[in-house]
Amino acid sequence: MPELPEVETSRRGIKPHIYQRKITDVIIREHRLRWPIPENLPATVTSQRVEQVLRRGKYLLLQLQTGSIIIHLGMSGSLRIISPDQLADKHDHIDFCFDNKKILRLHDPRKFGCVLWTDQPIAEHKLFENMGPEPLLKDFNADYLYQLSRKRKTSIKSFIMNSHIVVGIGNIYASESLFKAGINPERKAGNVSFEACQRLVTVIKNTLSASIKQGGTTLRDFTAEDGKPGYFAQQLMVYGKADEACPNCGNAIKQIIQQQRSTFYCSRCQK
Ligand SMILES: [Zn+2]
């Protein structure tokens, strides 16, 4: 599943090809994604220029002159920049054609992604109005996490995966970050010390940044004739490694279920 680093990598990959370009056509082959693609999208966006290519959480935003196209990659979506002579396959649901003869094409076999339009300011849109801060920006910091978590009885893992608290920390990044910060994922959020919040914020930022940097090496794939843009293999310490040796202490890594999602951790290193 595309996580925040993949979405940010997609943003950086497509931006040079579409920034300040004018949309000349929109071809929709399948309207039925997670939410239907609006019928009037082609009429609304054609002839408009892309003024910004932004990301908020795991949403990509193509900011045009009168509003924004909102794209989510869902479980299996990917974006590619292609030339007009490349035939679409059955999971290529929508093409945005630009005045430089390039096409932005959404491929999504499972159709959990979305393509929407809004003419509201993004911050006021219902998808975004209650979103917490971006994990890589300054307003996500130890003070913020510590203050917000006081008296909260939910586990620290659920807490950091809650998009009202901070956006874009998926299941894998939550397990990995808690391991690197030495925090037991079942610990109540309200019982995590300020020092532990500092460690956690630092490892979250470092882990996401490292993944984005690693993703940068796959940017060329955005225009590859055959390849799909890379969801890069993450270097995982504990996730998916039940019963294997902890990379720190050699103790067997445990797997538990929290809110229907698997968590992996070392009971010796994480307190
Ligand atoms: Zn350990």
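1. **Largest pocket.** In this predicted model, the largest pocket has a volume of about 470 Å³. It is lined by 20 residues, and those closest to its centre are Met1, Glu3, Lys58, His72 and Gly170. Start there when you inspect the site on screen.

2. **Second largest pocket.** This one has a volume of about 160 Å³. Its lining has 10 residues, with Lys180, Thr207, Ala210, Ser211 and Gln235 closest to the centre. Two elements each give two or more residues to this lining: H5 and helix H6 (194–216). H6 gives the most, with four residues.

3. Five residues lining the second largest pocket are polar, three are nonpolar and two are charged.

4. **Helix H5.** H5 spans residues 171–181 and is mostly covered, with nine of its 11 residues buried. The buried set is Asn171, Tyr173, Ala174, Ser175, Glu176, Ser177, Leu178, Phe179 and Ala181. Note that Glu176 is on this list. H5 also gives two or more residues to the lining of the second largest pocket.

Note on methods. Residues are numbered from 1 along each chain as its sequence is written. This is a predicted model: local features need pLDDT of at least 70, side-chain atom pairs count only at pLDDT 80 or more; totals for chains, interfaces and linings use all residues. Side-chain values use heavy atoms; hydrogens and water are left out. Buried means under 20% relative accessible area, exposed over 50%, partly exposed in between (1.4 Å probe, protein chains only). On a 1 Å grid over the protein atoms alone, a cavity is a set of points where a 1.4 Å probe fits but cannot get out, and a pocket is an open set with protein on both sides within 12 Å along at least five of seven lines; lining residues have an atom within 4 Å of a point. Grid points are joined across faces, edges and corners, and a volume is the space filled by probe spheres set on the points. Ala, Val, Leu, Ile, Met, Phe, Trp, Tyr, Cys and Pro count as nonpolar, Asp, Glu, Lys and Arg as charged, and the others, Gly among them, as polar.
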